[in-house]
Amino acid sequence: MERIKSNAELDVQRQDILSKRDQNKPCIAICSGTGCLALGCNRVISAFKEEIRRQGLGDKVDIKETGCPGFCEKGTIVVIYPEGIYYLQVKPEDVPEIISETIKGKKVIDRLLYTDPSTGEKAIYESEIAFYENQKRLLIGNNIKIDPKNIEDYLALGGYRALAKALFEMTPEQVIEEVKESNLRGRGGGGFPAGRKWKSCRNAPGEPKYVIVNCDEGDPGAFMDRALMEGNPHSVLEGLIIGAYAVGSHEGFIYVRQEYPLAVENVNIAIKQAEEYGFLGENILGSGFDFDVVVHRGAGAFVSGESSALMNAIEGKVGEPRPKYIHTSESGVWDKPSNLNNVETWANIPLIINNGAEWFKSIGTEGSKGTKILSLVGKVNNTGLVEVPMGITLRDVIFKIGGGIPGDKKFKAVQTGGPSGGIIPEQYLDSPVDFDELTKLGSIMGSGGMVVMDEGTCMVDIARFFIDFLCDESCGKCVPCREGLDQMREILNNIVAGTGEEGDIELLEEIGGIMSIFSLCALGTTADNPVLTTIRYFRDEYEAHIKEKRCPALVCNDLISYYIDPAKCTACMLCLNNCPVDAIDGGKRKIHVIDQSNCTKCGICYDVCPPKIGAVNKISGEPVPPPPREEERQIKRGKREIEGV
Amino acid sequence: MNLEKVDKIIDSYPAEQGSLIQLLLDIQSEFNWIPVEAIVRINERLQVPVSQIYRIASFYKVLSLAPIGRHLIQVCLGTACHVRGGPKILDKVEDCLKIKTGETTSDMKFTLRRVNCLGCCALGPVMLVDNDYHGKVTTVKVKEILEIYD
């Protein structure tokens with residue numbers, strides 16, 4: 001491949017790629033993101049390859065292994081082009097039928113289509129599926145059309161056009177102005193205006209300057225950066241090169257966490273291809289601008305996703321934050337001016353350059369422009385990655401896109417913003433997804449994690465979970481964070497163990513208040529959010545744990561007991577055989593009884609008892625009813641035998 | 001201890017402190033842990049103090065200063081997996097292998113770790129064994145999964 005040396009050559013190259021492609025040739029796009037990988041998409045891909053070879057269709061059908069289109073709940077996702085037929089939950093055994101019916105016969109297989117749970121209607125195309133209908137997918141919409149390992153796919157969709165526009169039609173100052181004007185705010189959590197950051201880095205004295213992509217997505221429950229990096233790495237790269245041109249940088253870093261091996265692989269391939277095509281290296285597109293980029297893998301530390309800590313990690317040091325009164329845009333990597341943005345922020349740049357700030361500003365709310373990718377997970381029907389315009393209500397995200405809560409459970413709260421975010425209860429469901437509005441509720445936008453919780457989630461347990469996580473991840477450099485978290489963890493451990501005391505809630509509030517003022521970096525200053533918001537909205541649950549020694553959600557092991565309802569037990573032996581500690585007594589046609597003194601509360605009996613029998617109960621805050629008398633434990637043949645068990 | 005392999009890894013990066021974490025990650029994946037000989041070798045070649053290399057190797061979770069088992073089990077306890085019962089999966093694995101999180105079985109077959117999010121939250125609870133993702137794991141399925149590996 002010869003490097004592209006001008007804007008005109010780029011157009012020729014793009015036309016060349018398009019002319020070689022037959023738009024009517026069938027193409028099978030299969031999601032091979034990490035989500036579908038976990039569901040076994042590799043076996044589906046091999047099955048397609050094998051079937052195509054077997055039927056001698058090798059040159060008549062293309063196969064594309066793509067990034068994540070977001071609907072992870074229904075993976076493996078397969079889309080048949082040119083029609084765009086959307087198949088869900090595809091298994092290897094469906095493959096021969098897809099080839100013979102859909103590819104050859106041009107017929108749609110009903111069974112593999114999306115069925116709307118409320119109307120029962122089938123959806124053939126992406127646009128008809130409720131999950132996608134209410135989204136605005138500017139950043140991840142192309143994922144299913146792109147093989148991330150092939151730069152030509154990105155070019156065919158107009159890729160690197162924004163870079164050419166920036167290099168040949170705009171000065172660096174104009175690029176910065178455009179980004180400033182668009183009011184793009186950092187998607188990594190802080191929400192700081194990207195254009196202002198760029199400007200202060202450009203104006204900072206000192207050479208060289210560095211630009212950095214932060215893909216150290218450590219928030220548990222969040223995977224939007226992973227999907228972009230795996231699925232469309234060139235969009236991030238293009239944004240980064242434009243940013244480098246704008247701030248006057250010739251060297252960049254992409255910091256990817258090691259837990260994302262596929263993202264590391266794909267971005268490395270993307271860099272190599274971009275070099276070959278002339279988008280990286282010396283004299284990019286013949287413009288005279290030089291820029292190189294190196295991938296750094298993170299070695300597993302949540303705190304090193306903090307911007308100054310990440311820069312320490314790039315220098316090969318321990319990833320601990322630096323004091324924040326020195327701006328990294330002035331003194332970052334090796335004390336040189338450094339501009340760091342999150343993956344999603346960078347991916348927005350080509351869109352803004354191509355379409356202009358005015359267009360970008362037309363999407364979203366007064367203070368938050370554009371779209372936001374959210375990872376919608378937890379107790380929600382349609383889990384996955386969703387991209388929505390800023391300003392959409394939480395209710396629409398959870399119920400219209402997410403399809404509501406599974407089972408007959410009731411919505412309880414939604415946790416936004418990762419471990420340092422907060423918990424938002426039902427009465428605020430009509431609040432918009434917006435940086436400032438979420439902050440008002442005591443939570444944060446963060447990087448866009450959205451964990452839905454139903455009535456079976458204990459708020460004290462969840463607060464403890466986050467504090468436990470943060471406690472492990474706190475680097476220990478500053479006292480308020482290190483000691484504050486440790487004390488909070490101890491208090492919360494006591495509360496869930498049933499040894500909480502009066503005054504614990506107030507003490508938690510006091511510690512949290514101190515941490516939020518005096519900690520060194522954002523990890524510490526926001527670490528109290530999960531505790532303070534759960535206290536603010538679910539104080540009664542804390543009080544139930546402390547005063548009544550009761551866990552209302554029936555989660556905290558020390559406060560619950562498992563109990564077999566003798567009126568419902570059919571003596572089917574399932575729980576008895578699965579109990580790992582032999583704590584269940586009973587036999588065939590003899591009602592089972594849990595020996596409370598031996599029970600370790602592992603919950604396996606509860607999980608294995610068939611739902612239509614539902615004999616195993618969890619109780620809390622009340623004594624376990626005494627077991628039935630020996631003579632009452634015999635079940636006569638025929639009596640209370642339930643079909644199918 | 002094969003120091004040639006260590007040298008080869010060191011050679012593949014620029015000889016500067018900035019490469020330290022990257023080459024430690026490579027040594028980790030080559031040997032499955034960071035042997036002390038490797039630390040000494042990096043010290044000699046890069047002129048970075050042993051204390052500093054040790055500090056990095058002990059700070060980052062992926063790097064291990066003790067040998068780990070043939071199969072690495074990582075049970076995800078990210079938020080999404082937590083609310084879907086991840087802790088019970090971890091308990092069950094501990095129970096099956098008779099080890100605690102962070103430990104290795106005496107036959108060096110399994111090392112058990114907890115991990116804070118593997119990014120496939122839609123499939124929680126998730127358990128990763130080596131490079132195989134197991135999604136929607138139940139306590140009943142844990143034993144079947146462990147039996148796949150020898």
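Which residues of H10(A) are buried? They are Met224(A), Asp225(A), Arg226(A), Ala227(A), Leu228(A), Met229(A), Glu230(A) and Gly231(A). The model is predicted.

## Enclosed helices of chain A

Helix H10 spans residues 224-231 of chain A. Eight of its eight residues are buried, so this helix is largely enclosed by the rest of the structure.

Helix H7 of chain A covers residues 161-169. Its buried residues are Ala162(A), Leu163(A), Ala164(A), Ala166(A) and Leu167(A). They pack against four helices of chain A: H1 (7-20), H8 (172-182), H11 (233-247) and H14 (343-355).

## Nonpolar cores

The largest nonpolar core holds 157 residues. Ile254(A) and Phe279(A) touch the most other members. H11(A) supplies the largest share of this core, nine residues.

What does Phe279(A) contact, leaving aside neighbours within four places in sequence? The partners are Ile4(A), Leu10(A), Ile151(A), Leu155(A), Tyr160(A), Leu163(A), Ile241(A), Ala274(A), Ile284(A) and Leu285(A). One of these, Leu163(A), is a buried residue of H7(A).

## Chain B and its domains

Chain B divides into domain 1 (3-59) and domain 2 (71-148). Taken over C-alpha atoms, the domain centres are 29 Å apart.

Leu20(B) sits in helix H2 of chain B, residues 20-31. Leu20(B) is buried, at 0% relative accessible area. Residues up to four places away aside, Leu20(B) touches Ile42(B), Leu46(B), Val48(B), Ile53(B) and Ile56(B), and also Gly316(A). Ile89(B) lies 69 residues from Leu20(B) along the chain, and their C-alpha atoms are separated by 35 Å.

## The interface between chains

How many residues of chain B are in contact with chain A? There are 39, and they meet 62 residues of chain A. The buried area between the two chains is about 4000 Å². Carbon and sulfur atoms give 57% of that area. On the chain B side, Thr79(B), Val83(B) and Tyr133(B) lose the most area to chain A. Together they account for 15% of what that side buries.

Five salt bridges cross this interface. Arg114(B) and Asp468(A) meet in a salt bridge through their side chains, at 3.7 Å from N to O.

## Salt bridges

Side chains of opposite charge can pair when their charged atoms come close. The count over all chains is 55 salt bridges.

Glu358(A) pairs with Lys361(A), with the closest N and O atoms 3.6 Å apart. Both are in helix H15 (residues 357-361) of chain A; they are three residues apart, so about one helical turn separates them. Glu358(A) is exposed at 56% relative accessibility. Lys361(A) is partly exposed at 26%.

Other pairs link distant parts of chain A. Glu426(A) and Lys410(A) form a salt bridge at 3.8 Å, N to O. They are 16 residues apart. Glu426(A) is in the loop between strand E14 (422-425) and helix H17 (435-440), and Lys410(A) is in the loop between helix H16 (394-401) and strand E13 (411-416). Glu426(A) is partly exposed, at 37% relative accessibility.

Glu509(A) bridges to Arg539(A), with the closest N and O atoms 3.3 Å apart. The two are 30 residues apart, Glu509(A) in helix H20 (residues 504-518) and Arg539(A) in helix H22 (residues 529-548). Glu509(A) is partly exposed at 32%, and Arg539(A) is partly exposed at 29%. In chain B, salt bridges with shared partners join Asp7(B), Asp11(B), Arg41(B), Glu44(B) and Arg45(B) into one network.

## Cysteines and a buried loop serine

The disulfide count over all chains is zero. Cys72(A) is in no disulfide, and its nearest cysteine sulfur, that of Cys68(A), is 4.0 Å away. Cys72(A) is buried at 4% relative accessibility. Cys481(A) is buried at 5%.

Ser32(A) lies in the loop between strand E1 (27-31) and helix H2 (34-38) of chain A. Ser32(A) is buried, with a relative accessible area of 13%. Not counting residues up to four places away, Ser32(A) touches Leu37(A), Cys41(A), Ile45(A), Glu65(A), Thr66(A) and Leu262(A).

Terms used. Residues are numbered from 1 along each chain as its sequence is written. Chains are lettered from A and ligands numbered from 1 in the order in which they are written. This is a predicted model: local features need pLDDT of at least 70, side-chain atom pairs count only at pLDDT 80 or more; totals for chains, interfaces and linings use all residues. Side-chain values use heavy atoms; hydrogens and water are left out. Domain bounds come from an automatic or database domain assignment. Buried means under 20% relative accessible area, exposed over 50%, partly exposed in between (1.4 Å probe, protein chains only). Contact means heavy atoms within 4.5 Å. A nonpolar core is a set of buried Ala, Val, Leu, Ile, Met, Phe, Trp, Tyr and Cys residues joined through side-chain atoms within 4.5 Å. A disulfide is a pair of cysteine sulfur atoms within 2.5 Å. Buried area is the accessible area (1.4 Å probe) that two parts lose on being put together, summed over both. A salt bridge is a side-chain nitrogen of Lys or Arg within 4 Å of a carboxyl oxygen of Asp or Glu.
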